[in-house]
Amino acid sequence: MRAIIIGGGIAGLATAWWLRHEGWEATVVERGPAPSPASGLAALDAPDSIDGTLDRGYVIDYFGPGYDTLERMGLRARVHESGLGLNAVRYRRADGRDSARLDASVPARITGGRFLTLLRGDLEGVLREALGPAADVRYGTGIEEVRQDDEGVTAVLTDGSAERADVLVGADGIHSRTRRLVFGPESRYRRYLGAHAAAYVFTDPELMGVLANEFQAVEAPGVQAGMYRLSDTTGAAFLCHLSPDGSLPQDPRARLLEVHGGLGWLVPRLLAACPPRPYYDEVGQIVMPGWSDARVALVGDACQAVSLMAGQGASMAVAAAEVLAQELGRLAPGSGAAKAGTDEVAAALRRYEGRVKPVIDTKQRAGRSLAKWFVPATPARLFVRRQALRLSSTPLAERVMRPFLATPRDTPFDAPAEGARS
Ligand SMILES: Cc1cc2nc3c(=O)[nH]c(=O)nc-3n(C[C@H](O)[C@H](O)[C@H](O)COP(=O)(O)OP(=O)(O)OC[C@H]3O[C@@H](n4cnc5c(N)ncnc54)[C@H](O)[C@@H]3O)c2cc1C
């Protein structure tokens, strides 16, 4: 059996690995020109590569179900080699004084050490490395058209070639073209959470000098600007502000200067390092009634983006990839050589969805209700968040955070496929 996977990011590479583990052939189609190296830090330290884009210049906190999946892939030690080791999150006022601090030992303790902070590109690099050099990963091409029939599915690619397979997996991220081609326009599924986020990398030595090993942020009602160290010479900025109307600006850099310029401390210097085209996007979720259509399934942000407010998008993508491959593997246990009819494939894809979607629905609901605390809109909310962070190292606060961070061994991702729609 054969799958075409559109998107060679976190979800796509993890899906390819697990499908191959189930005895399937998998071809990954990635529109980007080349793979991420397994050490993004090395790439960032090469001066030519500092162009401010986000290829590998933003960090993710990685824990939860996807951590367990990486462990089952034998990648736990490998991925920890890429850990950035940030010690704390420190919030400051406009004059630079501390307003709150969250020690990184808290999430590490709650998860029993099953937590790491790393560059998204490094996670992608580790997954690509794990697939091995012989894996069929095609760079520099994307999806143009999808055709399904009783015997299989055909993906017409932007390079003009056509690929035939038993299943097509759309793993092409939050702005998925596969989703648009098969399920309709993004506007149908995009749930805007009221904020814009931006990120870029910088090398300003003065900023690097104050960062230590902490995420440091300045906050005011409705707006915050943070920065953290990626290597001895490179830092990354992460900015977020409320934006009720949601429309993206023509000139993101100008919008960042306008909205964040008055924050104080070292933020003007941080903004001076902003490239003309930083990463800039709405903060939002993808909420869909179903993730599959006959022989086509979506995985990762393409169907289950939980947003920055909820966190764990990458972890959920990796865990979902494992479940998707398990359910497809049940079609032809062992060899993967047999053929399966469309009804059987569709039922397998619904079982995958039935196992994963309830977990994502819960996570997305939590993300929506936490949104007001991510960028507090008023001085009163900001005050409450500061107090909560100040208390964060107490045993009581750890008990409150535990359900959000801990990975129960009986996570529904691991449950048998009962209750799935078929
Ligand atoms: C600033 C920021 C901070 C984040 N922080 C965290 C965090 O702390 N923890 C966490 O777990 N998650 C975090 N996330 C979310 C996390 O990055 C995503 O959930 C995760 O990357 C989703 O993986 P994916 O493979 O579905 O999508 P992506 O990682 O976006 O990969 C999609 C891939 O598809 C490719 N592609 C797109 N279109 C096409 C096409 N037409 N044809 C072929 N290929 C295509 C893209 O080039 C890309 O390689 C954060 C995201 C952002 C933006």
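The lining of the largest cavity comprises six nonpolar residues, two polar residues and no charged residues. The model is predicted, and a search of the whole structure finds one cavity of 30 Å³ or more.

**The largest cavity**

- The space in the largest cavity amounts to about 30 Å³.
- Its lining is formed by Phe215, Ala217, Gln224, Ala225, Gly226, Phe238, Leu239 and Cys240.

**Helices H12 and H13**

- Two packed helices are described by the angle between their axes and the distance between the axes.
- Helix H12 spans residues 313-329 and helix H13 spans residues 342-374; their axes come within 7 Å and cross at roughly 160°.
- Angles over 145 degrees count as roughly antiparallel, and H12 and H13 are therefore roughly antiparallel to each other.
- The crossing in which H12 passes H13 is right-handed.
- On the H12 side, the residues that meet H13 are Met316, Ala320, Val323, Leu324, Gln326, Glu327 and Leu328.
- On the H13 side, the residues that meet H12 are Ala348, Leu349, Arg351, Tyr352, Arg355, Val356, Ile360 and Lys363.
- Sorted by class, the contact of H12 with H13 contains 10 nonpolar residues, one polar residue and four charged residues.

Conventions:
Residues numbered from 1 in each chain as written. Predicted model: local features only at pLDDT ≥ 70, side-chain atom pairs only at ≥ 80, totals over all residues. Heavy atoms only, no water. Axes fitted to C-alpha atoms, helices over the stretch in contact; angles between N-to-C directions. Helix = DSSP H or I, 4+ residues; strand = E, 2+ residues; numbered from the N terminus. Parallel < 35°, antiparallel > 145°, perpendicular 65-115°, else oblique. Left-handed = near helix turned anticlockwise from the far one by under 90°. Contact = heavy atoms within 4.5 Å. Nonpolar A, V, L, I, M, F, W, Y, C, P; charged D, E, K, R; others polar. 1 Å grid on protein atoms, 1.4 Å probe; cavity = no way out; pocket = protein on both sides within 12 Å on 5 of 7 lines; lining within 4 Å. Points joined across faces, edges and corners; volume = space filled by probe spheres on them.
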